[in-house]
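Subject: The structure I promised

Hi,

Here is the structure we talked about, with the sequence alongside. Have a look at it first, and then read on for my notes.

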Amino acid sequence: MGKVNYAARELIAKSVYYGPGLCGKTTDLEELHKKVSPKQRGKMLSLATDTDRTLFFDLLPMDLGTIGCFKTKIQLFTVPGQTYYNTTRKMVLKGTDGIVFVADSQSSQMEANIESYMNLGENLKANNLDFETIPLVIQWNKQDMPNLAAIDELNAKINIRNVPSIKAVAVKGEGVLDTFKLIAKEVMKYLSVKVGKGITPAAKVTKPERVDTAPIKIKSERADAYVPESAAGRVARETTLPNRRHDIAGRTMEELGKILASGIDSGSPEARELLKDITKTIASIVEDNKDINNRYEIILRQLNKLTNLTTGSR
């Protein structure tokens, strides 16, 4: 289920736009961003190659309303459609609450649609998500193109769950808002059932005793062997890269998206340069796929630096 912020009484859901390469996923989010009031949406973040192909993900936060006493937001993601980005697609799907499958309606793209749909099922299973029950809607995009496959044929070969579907021409903004309304409705129903069954209360946190000025006692016969540790010193010790490496590597895609978005919001030229460097680093990973673990650690270090920059600029 979506992430729950008990202090803010906020429920953050996640929906992923999935489909084959060049089917119109990013176009959907771009057009949706134009159509929705700024009061209801956040800034759109996109990491793309020089040819405008989605490289890592697109992110668009949207407000949905309330479920119970929780204000509900949904984060919309896209994934790269190309098959060699499968690891990235699997990462972005983690923890999703809903899927929009964007299909290219041209007859020539039928096999690519089917392959992508089957891949969706495999990647959901890899993330311990149930393909048969997760909220899903299908958009039949590119309805303005020639040589279209019949909707009945598309439904028979792709929409095997018989979920809600809609025709669209995303590049013209047609069907984009209706698609979002469909998935938002499905996700809200799904979350309402989950909330109705009760949300597990947050674990009670016991306040630790204050140690900001308390001395650390060291066994010694010397009378002056009491070494105080300042709060600043403790923070510096705890936030060094070796100590935080595991925490950074474990961050979810949503959290990385927030960090990147905050970098844009900060207006810092250095932050913007870091965003470019991050995009280039990811592109380099995709190009040769060598030493991928080490390269991802470079990205995480850059994100860590970006977090410090944006925090300090506010």
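The side chain of T72 comes to 3.4 Å from the backbone oxygen of F70. Please keep in mind as you read that this is a predicted model. T72 sits in strand 5, which covers residues 70-78. With a relative accessible area of 0%, T72 counts as buried, because the cut-off for that is under 20%. Setting aside residues up to four places away in sequence, T72 touches L11, D63, L64, G65, T66, I67, M188 and L191.

Strand 2 is worth a look next. Nine of its nine residues are buried, so strand 2 is largely enclosed by the rest of the structure. From this strand, E10, I12, K14, V16 and Y18 point one way, while L11, A13, S15 and Y17 point the other way, and all are buried.

- Strand 1 (residues 3-5) pairs with strand 2 in the antiparallel sense, over three bridges. K3 stands opposite I12 there. The two strands form a hairpin with four residues between them, and R9 in the turn has a positive phi of about 50°.
- Strand 5 runs parallel to strand 2, and eight bridges join them. Here S15 is opposite L76.
- Strand 6 is also paired with strand 2 in the parallel sense, over four bridges. In this pairing S15 stands opposite G98.

Now for the nonpolar cores. The largest one has 25 residues, and those with the most contacts inside it are Y17, L32, M62, I74, L76 and F180. At least two residues of this core come from each of strand 2 (10-18), helix 1 (25-35), strand 4 (54-67), strand 5, strand 6 (98-104) and helix 5 (176-196). Helix 5 gives the largest share, eight residues. A second, separate core has 22 residues, among them Y18, V79, V92 and I158.

Leaving out neighbours within four places in sequence, L32 is in contact with Y17, L60, M62, L76, V176, L177 and F180.

Most residues other than glycine have a negative phi. L22, which is not a glycine, has a positive phi of about 65°. L22 lies in the loop between strand 2 and helix 1, and counts as exposed because its relative accessibility is 55%, with the cut-off at over 50%. N147 is not a glycine either, and has a positive phi of about 55°. You will find N147 in the loop between strand 7 (136-141) and helix 4 (151-157). N147 is exposed too, with a relative accessible area of 64%.

Finally, some totals for the whole protein. There are ten helices and ten strands. Of the 314 residues, 41% count as buried. Among contacts between residues at least 6 apart in sequence, 69% join residues at least 24 apart. The accessible surface comes to about 17400 Å², and 52% of that belongs to carbon and sulfur atoms.

Happy to go through any of this together.

Best wishes

Terms used. Residues are numbered from 1 along each chain as its sequence is written. This is a predicted model: local features need pLDDT of at least 70, side-chain atom pairs count only at pLDDT 80 or more; totals for chains, interfaces and linings use all residues. Side-chain values use heavy atoms; hydrogens and water are left out. Buried means under 20% relative accessible area, exposed over 50%, partly exposed in between (1.4 Å probe, protein chains only). A polar contact is a pair of N or O atoms within 3.5 Å; within protein, one must be able to donate a hydrogen and the other to accept it, and residues adjacent in sequence count only if both atoms are side-chain atoms. Contact means heavy atoms within 4.5 Å. A nonpolar core is a set of buried Ala, Val, Leu, Ile, Met, Phe, Trp, Tyr and Cys residues joined through side-chain atoms within 4.5 Å. Accessible areas come from the Shrake-Rupley method with a 1.4 Å probe; for residues, only the protein chains shown count as cover. Two strands pair if DSSP finds at least two bridges between them.
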